[in-house]
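Biologist: I am new to reading protein models. Could you walk me through this one?

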Amino acid sequence: MADINLKQLKNNLWQAADMLRAGAHLAANKYGQPILGLIFLRYAYVLYKQHKAAIETEYNEKKGTRRERSLKEIAIDKCGFYLPECAYYDDINTAPDDAKKAVLVKEAMEAIEKENEKMDGVLPKEVYGQLVPEEEPELLSKIIRVFKDIPENLNIDLFGEIYEYFLGNFALSEGKDGGTFYTPASVVRYMVEVLKPEIGNKLFLDPACGSGGMFVQAARYMHNHNATNDDMMKFMCYGVEKDPDTVKLAKMNLLLHNVRGDIREANSFYSDPHDAVGRFDYVMANPPFNVDEVVYDKVKDDPRFNTYGVPKKKSKSTKKNSDKKETVPNANYLWISYFATALNENGRSALVMANSASDAGGSESDIRKNMIESGIIKQMVTLPSNMFTSVTLPATLWFFDKKKPNTDKKGEILFIDARNVFTQIDRAHRKFSKEQIKNLSIISRLYEGNTQAFKDLIEEYKGLKTSAPATAEGKNAKTKEYYQAQIDWLTERFPKGVYQDVIGLCKVAKLEGEDGIKDQDYSLNPGRYVGVVIEDDGMTEAEFKDKMLGLNTEYQKLSDETKAIEKTLEANFKELF
């Protein structure tokens with residue numbers, strides 16, 4: 001499906017589902033639960049139908065033999081879950097448009113939970129009774145028909161995009177509290193592209209997992225790199241999330257994408273349900289920024305947090321609701337340490353963090369120095385502003401590699417400033433396009449010495465250019481010119497097809513030496529290292545001089561006018577008072 005058609009489908013679905021606001025007896029912050037539940041039901045049905053014939057064929061072939069297995073067992077092997085007939089979306093859709101529809105949906109959700117143990121207590125059930133108000137009992141039926149309009153021939157990745165789109169929109173509409181569980185898909189895809197999760201018996205941790213988007217994108221990356229279903233069964237995801245409703249979203253998300261996972265409801269500062277230290281191959285998360293009131297005594301002896309040092313302040317909290325116990329000044333460096341200490345000897349991790357952490361002072365500065373000198377930090381990336389739906393703070397991506405200290409790259413870090421690389425969605429929001437994700441991640445591949453990946457990407461763009469139309473509607477249309485622009489962007493910056501520092505984009509900074517990391521007080525702010533591009537304005541020296549004199553004359557004129565206004569205001573005040 002073309003991007004423009006998918007966007008229109010998403011918009012239509014969102015606008016139609018918005019009818020809840022007018023008719024449902026629900027609080028504004030509760031729309032997400034029933035809508036995501038119905039999308040889950042529709043998504044599960046379409047996914048199950050794609051495997052249904054193969055499930056029944058295998059069942060009939062083995063029936064009556066020693067290898068006989070139940071439909072449920074075969075279904076779980078093939079698509080990750082079993083869908084009982086009472087949960088078939090089409091059957092629910094064609095039932096009468098009355099209050100009994102809510103009962104059918106509830107029974108469908110209960111049956112799914114009963115047949116799939118890992119979903120026990122996860123799906124919304126009781127809430128659908130509030131979608132059949134007495135004055136409009138057909139409201140639930142209308143909403144069910146809305147999601148019936150999602151084409152069944154839509155591939156599952158695109159179906160997943162719709163699910164993520166609704167997660168994002170609910171995050172946006174519900175404000176900061178809703179947005180704490182949602183990370184924009186394009187940011188996660190970029191993180192995964194840099195991290196490169198590999199096939200095999202791998203353990204993946206997200207200690208602030210929200211709706212499980214990190215796990216899903218990692219699984220998609222592996223599928224796109226030829227991972228089989230057997231390979232995916234070796235990939236195990238472990239999540240921690242303190243909000244109980246968001247835990248349910250994560251479990252729904254993983255089931256739909258056939259990702260094995262163990263999601264626990266807990267507070268990662270005070271609980272370690274997965275015994276994280278030194279265990280994981282991959283760690284990824286977008287943890288909450290700038291959390292305060294984490295009790296110092298509860299974390300100071302925890303090896304997840306104290307390996308590189310624990311953030312500490314001398315004064316106790318003065319907040320009204322505090323118990324007056326000593327707290328850490330800011331929990332950002334608890335998260336940062338967690339991502340380093342959870343890795344096994346070959347582990348890699350990526351996290352989203354507030355920009356302020358890159359230059360934080362005090363005890364945080366000492367922790368950062370210890371981590372830099374250990375060699376574990378591989379890469380830092382500054383993100384464009386306005387990438388997140390509900391977090392306005394600018395953000396930076398941190399990448400760790402446990403093997404790096406044992407290489408010749410121990411005393412250096414790759415810095416990327418991606419603030420000028422983005423696609424505008426609307427006035428207030430941005431994202432990375434698929435091509436921008438590839439272009440930025442290829443910098444990491446070149447730094448690692450993988451020049452073939454660069455050549456392959458150039459050839460990919462050339463092939464896409466050949467088949468692309470010469471012209472198309474829309475400012476982001478992917479024409480021949482569009483793909484040529486991608487080729488030019490890469491070849492202008494890396495003309496030899498190997499890594500090199502690019503002013504304003506990327507630089508490998510050494511720990512030692514002039515203008516090195518030590519000289520910059522162990523700052524991890526990419527802007528300090530990559531520099532800025534000075535654009536040639538095309539003016540001669542005389543033209544520049546004339547322009548500056550003209551601006552100065554204009555400034556003097558405005559300054560004189562301001563002084564005159566000030567005198568008038570002063571006289572008026574004296575006269576009045």
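Predicted model: local features only at pLDDT ≥ 70, side-chain atom pairs only at ≥ 80, totals over all residues.

Biologist: How many helices and strands does the protein have?

Modeller: Helices (H or I, at least four residues) and strands (E, at least two) are DSSP runs, numbered from the N terminus. Here the secondary structure comes to 22 helices and 11 strands.

Biologist: And what share of the residues is buried?

Modeller: Buried means under 20% relative accessible area, exposed means over 50%, and partly exposed lies in between (1.4 Å probe, protein chains only). Of the 577 residues in the protein, 50% are buried.

Biologist: How do I read a sheet?

Modeller: Strands of a sheet pair through backbone hydrogen bonds, either parallel or antiparallel. Two strands count as paired if DSSP finds at least two bridges between them. This model has an open sheet of nine strands with mixed pairing, in the order β3-β2-β1-β4-β5-β7-β6-β8-β11. At its edges stand β3 (260–265) and β11 (506–510), each with a single partner strand, so one side of each has no neighbour in the sheet.

Biologist: Which way do β1 and β4 run relative to each other, parallel or antiparallel?

Modeller: Strand β1 (residues 202–206) and strand β4 (residues 280–285) run parallel, joined by two bridges. For example, F204 has Y282 in β4 as its bridge partner.

Biologist: What should I look for in the backbone angles of loops?

Modeller: Most residues other than glycine have a negative phi. K196 has a positive phi, near 55°, and lies in the loop between α10 (185–195) and β1. N386 also has a positive phi, near 60°, in the loop between β6 (377–382) and β7 (395–401). K196 is partly exposed, with a relative accessible area of 26%, and N386 is partly exposed at 34%.

Biologist: Which residues form the nonpolar patch on the surface?

Modeller: Patches are made of residues with over 30% relative accessible area and no salt bridge; like charges are joined within 9 Å, nonpolar side chains (Val, Leu, Ile, Met, Phe, Trp, Tyr) within 5 Å. A salt bridge is a side-chain nitrogen of Lys or Arg within 4 Å of a carboxyl oxygen of Asp or Glu. Accessible areas come from the Shrake-Rupley method with a 1.4 Å probe; for residues, only the protein chains shown count as cover. Here I565, L569, F573, L576 and F577 form the patch, together having about 620 Å² of accessible area. I565 sits in helix α22 (residues 541–576).

Terms used:
Residues numbered from 1 in each chain as written. Heavy atoms only, no water.
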